[in-house]
There are 2 protein chains.
Amino acid sequence: MKYVYSFKEGNKDMKNILGGKGANLAEMVGLGLPVPMGFTVSCDACLKYYEDNCSINSSIEKEIFDEIRKLEEYTGKKFGDLNNPLLVSVRSGARVSMPGMMDTILNLGLNDEVVKSFSEKSSNGRFVYDSYRRFIQMFADVVMGFPKSSFERLFDKIKEDKGILKDSDLSLTDLVEVVDIYKSEYKKLAGVDFPSDPKIQLLEAIKAVFRSWNNDRAIFYRKMNEIPDSWGTAVNVQEMVYGNLNNNSGTGVAFTRNPATGDNVLFGEYLINAQGEDVVAGIRTPLSIDTLKDVMPNCYNEFCRICDILEKHYKDMQDMEFTIEDGKLYMLQTRNGKRTGKAAIKIAVDMVNEGLITKEQALMRVDEKLLDSLLHDMFDKDSLKNGKVIAKGLAASPGAAYGKIIFDVNDIVNKDDDYILVKLETSPEDIEGMSICNGILTIRGGMTSHAAVVARGMGACCVCGCGSLSIDSVNKTLICEDGTVLCMGDYISLDGSTGIVYLGKIDTVAPSISGDFETFMSWADNVRKLSVRANADNFRDAKVARDFGAEGIGLCRTEHMFFDESRIFNFRKMIVSDTKEQREESLKEILPYQKNDFIELFNVMNGYPVIIRLLDPPLHEFLPSKDSDISTLADSLGISALDLKKKISNLKEFNPMMGHRGCRLSITYPEIVVMQTKAIISAAIECSKNGIVVKPEIMVPLVGDVSELEYIKSIIKETADSIISNSDISVNYVIGTMIEVPRATMMADEIAKEAEFFSFGTNDLTQMTYGMSRDDASKFLNDYYEKKIFLNDPFIKLDTNGVGSLMKIAISKAKSVNPNIEIGICGEHGGDPSSVYFCNELGLDYVSCSPYRVAIARLAAAKSVIRERLD
Amino acid sequence: MKYVYSFKEGNKDMKNILGGKGANLAEMVGLGLPVPMGFTVSCDACLKYYEDNCSINSSIEKEIFDEIRKLEEYTGKKFGDLNNPLLVSVRSGARVSMPGMMDTILNLGLNDEVVKSFSEKSSNGRFVYDSYRRFIQMFADVVMGFPKSSFERLFDKIKEDKGILKDSDLSLTDLVEVVDIYKSEYKKLAGVDFPSDPKIQLLEAIKAVFRSWNNDRAIFYRKMNEIPDSWGTAVNVQEMVYGNLNNNSGTGVAFTRNPATGDNVLFGEYLINAQGEDVVAGIRTPLSIDTLKDVMPNCYNEFCRICDILEKHYKDMQDMEFTIEDGKLYMLQTRNGKRTGKAAIKIAVDMVNEGLITKEQALMRVDEKLLDSLLHDMFDKDSLKNGKVIAKGLAASPGAAYGKIIFDVNDIVNKDDDYILVKLETSPEDIEGMSICNGILTIRGGMTSHAAVVARGMGACCVCGCGSLSIDSVNKTLICEDGTVLCMGDYISLDGSTGIVYLGKIDTVAPSISGDFETFMSWADNVRKLSVRANADNFRDAKVARDFGAEGIGLCRTEHMFFDESRIFNFRKMIVSDTKEQREESLKEILPYQKNDFIELFNVMNGYPVIIRLLDPPLHEFLPSKDSDISTLADSLGISALDLKKKISNLKEFNPMMGHRGCRLSITYPEIVVMQTKAIISAAIECSKNGIVVKPEIMVPLVGDVSELEYIKSIIKETADSIISNSDISVNYVIGTMIEVPRATMMADEIAKEAEFFSFGTNDLTQMTYGMSRDDASKFLNDYYEKKIFLNDPFIKLDTNGVGSLMKIAISKAKSVNPNIEIGICGEHGGDPSSVYFCNELGLDYVSCSPYRVAIARLAAAKSVIRERLD
């Protein structure tokens, strides 16, 4: 087995062996581009190192020094040579980029003799001694693990002693002194002298990089990004080149296209007489890459030529590092560049038009999550720089928003003003107010809490579960962790894409959707098999959904319709009624409104299916909680407030999520089913008369046993068929059920005999499969992440092992008795790319998600088909 | 296919064809016993009747009349004959007895001519006309479906007109008049004359019995008793005999042994000159069967002889009906008799001793549920007669109790007084008080609510979910549905075996366990494969469990240990602590108590395994709710009551059942695991030193992912092993997990790699599989039963389809990676016979149930083995 590869031996497809950086360096060497020569110690060598109890065995050691010898031959320099010493960098490079996670050592090969002789011979002693001092410091830190601070403190002390502010003001003599002090410190800490033998330096440096694969940062990064521990990292040993050698030198980073806009122009910056870290450090302001044209025209032209070669070769926008040493250009790195959503789309579309890539390749290039930024307000970057972070919660619904703090929707004074609603947790009563506010911030609740789900549905910015803040409801203030007290009316700003809460008002910029977006999405639509529907509860959401390309409504939650002022009264009256007759009386009042809801929906969804779920939440959610509201309702009902309170308290439940809700309501109060069916079917008839193509699908929630469905189905059919037979228009409606309690998955064969469609309600299915309430989980899930017990929030990313196994069983049982049953998903997971991949794998017919996620789902659905082909 | 069988053709094993009654009548004929001759129209004929759109086809009709002809030959009587008419009874008789569910017609064959002639020829015209009037009335009711009341009203009117009070005072002339009036009424209602042709009468009567198979009562009874609709009923047509012919006639019912005590003496009663319904009606007081010896010595001796034959033949205690017509004894029915628990055991043991049956047959004879009555107080029968029922709730924990109403355990004045605790729902705070009260009554909560589970564990009488009562907590009164108001201190009585609540004090009688019981149970133990453990949380329960034969503790809920006054303070302090250090401080105070808990348990369970579950419930359950308690705690913690309230409110959850509990507590607060492990292991060491054989099994609750178990296991192991290595005694402990969230069943193969045992927590597993909170379900489950959507409470009888499927998957996955894993069940289902059968079928190692159910589980476990062999 071979463990060490010269750059001349590798290529870009050897990432598994050479790591990303090493493979691309080798590829550039193969392309004949100017790359400082070197070699890669492979990932396998790293694994072997761990296998051999953290040691490099003699055969690998031999391979390394064989490559050093070849490098000496190639460069004409020699390790430890006083006249022409070989100096190298030692850099980690794993199979996928793990920026900043692992360690780097520069200037390796220096020692007292080399430095002395080299300094005398070169015209730049200052530069040589500065390089040496940096090397000692890096070696002490990376290889020996000594605290960085001890060397930094010494360095600062010298500057202080000499009254010097800038590093560059240190004279050669000063630097010689620094090196001496550093070496003493090293000896003090290590108990031995700083190693002068470059070979020992090299082996120790390589081992240190191997070790860094398992530092806490790297382990955590891998867990978060699902990178297997078993990959290991490669180590790149490369001849040093110096952008800080003189004023004919420099260093920079550049992208072949603009990573923010996608424009097809070279984009980047550089510094004259500087090393890579200076560009990053931000002490000197780099210059735009354009100006290099005038400063070093040859280098610039050469760089442009290389960019063109690389982009055509990799068929993707490249992110490159380069160094110019005394007028000669060297390429230090190239890789596919990260980009904004906007740029990702533009580059993908442009490259297809340029004939560089296929449409399918273009689709695979765009991370679904990037689409979010195209559809929501974002903070203005300049304005953001002044923002003071006061808390961080869950990034529950993307976008950026500012507004005045209010603690209750009743605090809204002017609907056109900017408000942020801050609540312990929202409830259905707040929905109308939520749509007026710019953003929503909750103290409790997870990614699928009420606030999060509703906000995503509205496309409103929302930060949830921000437990470090607390609300003083008596004084109407918001108290930050550091004690800051914010009052009602104070401005805060929310970033729903990161979960960060800022003090004050940060300007936002509106999204702009380009024609490229339409083009790109049409390619996705041509490829995907999964249909994409939206969860929409009113015609406004439905319109947004259609605009984003939804092919129907996968979930219309009828309960949201009842909070409208015009009907909440009658609905509450219905709830507290004692008899069926009283309930029917109230429902009669609601029927015309409900019918109109569906007419509006059907009109918008002309020709597309609309799944309407029967009333689902526990009834007490609709009842007022404030004394004043209770009195008002009691008065208008003609009962005492005390009696009403008793009724309300009787409706309270210990575990409402598993209480009297879903189809259980329909079984206790079949008259609600009758009213809703009447509304749906008569709306369908009216729309049909107006030439609208109506496809109503009535969905029974929370079914766990086929008897439940049978009972409710018979009520729906009786009601619907009687209306239809009394009209002169025929309406084709279908009846199906949500699969959201684990029992339904086990009984799916029985249930599928009665159901024309299944819709996996993965929010509830996840809750019940885990036995974990999404509203309470935020309290302990952080401990789960910290202790690495959970890697993902199962309410965001579908748990394919547990919940997914139940889904698989359900699908197979259902299809065994009803092969043509339509199966979809309407949980929040419908808008999560990895969950969409899984749904495609399961062979579902559609996914349904909030309107603002429809585009994400469409792209994910297309990518899952392509991935399948590639597998 | 043959549809009609003479009694001469059948036998007792043909119940599927002839129904129970028909098969036994045929059997008695075969034994040569005096049975009025007749024939049975089979269950298949009933099914055919429904198949043929509710008609009897000509070939079945022919079979019927062929049998009539044979019956005429046998009896020398003739259908419609004026001199010697054949009169028959037509009775339903399904495969299993469905008492009172279906219809009967007597005296069939009478018409005007027959009656006239028969009346003239016989010396008893009154008797003949009375029979005719009964026949018309029955026919009108059963065959034609006319309201009974119309005939009853006419009858009462005649008596009134004539100034007569008792039926028997009506003269022959009166009865002739009644018959005329009845016939007119019949014609008025039917539009045609009463059918005079006995053949038509017969066919219509048979069809009516077939129809009665599908009346609402019968359908409901079948659903409740899981009798398939597809069985159909047979019809028995039998020559009439008359116990009311004269004073040399009579009728009675008797048991071959005493069904209350099991004593081997004839037991029964009879009436002279009476029909069967007179015995039941209770107008005349029947005489003890003994007295028949003097009244009709020949009949008595003959009856004794028949009893002996039947019991030896059926090898079981028989329940018989007989009629004496003019000095001749006829047997009308025999069947295995129902009996009390005490009798069931005694008869079973006696019959084995008599060599009549095997031990296994004896075991199969005893219904597990009957054992309950042997272990709990029951109401004194005489005292019960005066009890006024005020409400009916769920029969949550068997037994009978009386006491003064209290609404709070703090209302207990004298621990030796008799109290009934009445609460909306109990909470862990109430446990100590509950053990002092005679019984517990709750308004809310189902069969596995806190009150129910705890009461069963204690063996205390409990009625739950009694929603028709309401508590006025302000005035401390209990308000009944009829408006009756009971105050604190008023007496009520509870029957925990029926759910009935009585006003006042009803005396109870203590159970007495006989030597027969021990003998019987030892036979069960010899047969069963399942081990039976008990759920016990303290040494008192553990002792009871051992007394009832428990072979270890399957579930020790450690949380119950913390409510003791001596530690609740420190435990609350721990909960509201802000830092780990503070928590550890409080836990240190609790450790010695907790250690002592386990020492006591290990001592009682010497040699048997003890499964200890780590702390499980949400912490807020332990916190005080009353303002006064909060102030006290706040004071002693040195914080303000407001601050404490805030902390308590922060701990509140939306759905605590799916909240921060179980292993999630252990992950957030590993210091609790450390304390509990220390207590368990150091107790084990101390007991071992004293020669006790200790088998601790530490159980991690609510695991859904193997990472949870891995994390907690490592804490337990580290803690335990360090204590063990510092002692000079080795302790073998094992670590396992509860399988109680659906996800755990799907991940069972991964989890089983880390777990040494699985214990199915079927209470929670049922809740989460159904998505149904046991504390809230009582609100809607009644609607489910009424609408026949659920036939059983899945919290009582394990749902073998849904929950059972998950269990099967879990077991198969677990054994695939860990074939020797110990698997048991510790939910409430462990004490339910049908669930125990299922556990045996699944091949579990043990079931664990409340101590008072251990005997039930032992018997059920034995019976499931025998059933398996019989299958």
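Modeller: First, a definition: helices (H or I, at least four residues) and strands (E, at least two) are DSSP runs, numbered from the N terminus. This is a predicted model. Chain A has 34 helices and 31 strands. Of its 871 residues, 58% count as buried.

Now the charges. Chain A carries 101 positive and 126 negative side chains. The centres of these two sets lie 3 Å apart. A salt bridge here is a side-chain nitrogen of Lys or Arg within 4 Å of a carboxyl oxygen of Asp or Glu. By this rule there are 114 salt bridges over all chains.

Start with K647(B) and D578(B). Their side chains meet in a salt bridge, at 2.7 Å from N to O. K647(B) lies in helix α24 (residues 641–651) of chain B, and D578(B) lies in the loop between α21 (565–575) and α22 (580–604) of chain B, so the pair ties together parts that are 69 residues apart in sequence. How covered are the two partners? K647(B) is partly exposed, with a relative accessible area of 21%. D578(B) is exposed, at 59%. The cut-offs explain these labels: buried means under 20%, exposed means over 50%, and partly exposed is in between.

Next, R583(B) and E671(B). Their closest N and O atoms are 2.5 Å apart, and they form a salt bridge. This pair also links distant parts of the chain. R583(B) is in helix α22 of chain B, while E671(B) is in helix α26 (residues 670–689) of chain B. They are 88 residues apart. R583(B) counts as buried because its relative accessibility is 10%, under the 20% cut-off. E671(B) counts as buried too, at 5%.

In chain A, one network links E559(A), R613(A), D616(A), R661(A) and D764(A).

E581(A), E584(A), E585(A) and E589(A) gather in a patch of negative charge on the surface. Patches are made of residues with over 30% relative accessible area and no salt bridge. E589(A) lies in helix α22 (residues 580–604) of chain A. E589(A) is partly exposed, with a relative accessible area of 42%, so it passes the 30% cut-off for a patch.

Notes
Residues numbered from 1 in each chain as written. Chains lettered and ligands numbered in written order. Predicted model: local features only at pLDDT ≥ 70, side-chain atom pairs only at ≥ 80, totals over all residues. Heavy atoms only, no water. Patch = residues over 30% accessible without salt bridge, like charges linked within 9 Å, V, L, I, M, F, W, Y side chains within 5 Å. Areas by Shrake-Rupley, 256 points an atom, 1.4 Å probe, with all protein chains shown as cover. Lys, Arg positive; Asp, Glu negative; His and termini not counted. Charge placed at Lys NZ, Arg CZ, Asp CG, Glu CD. Buried < 20%, exposed > 50% of the residue type's maximum accessible area, 1.4 Å probe, protein only.
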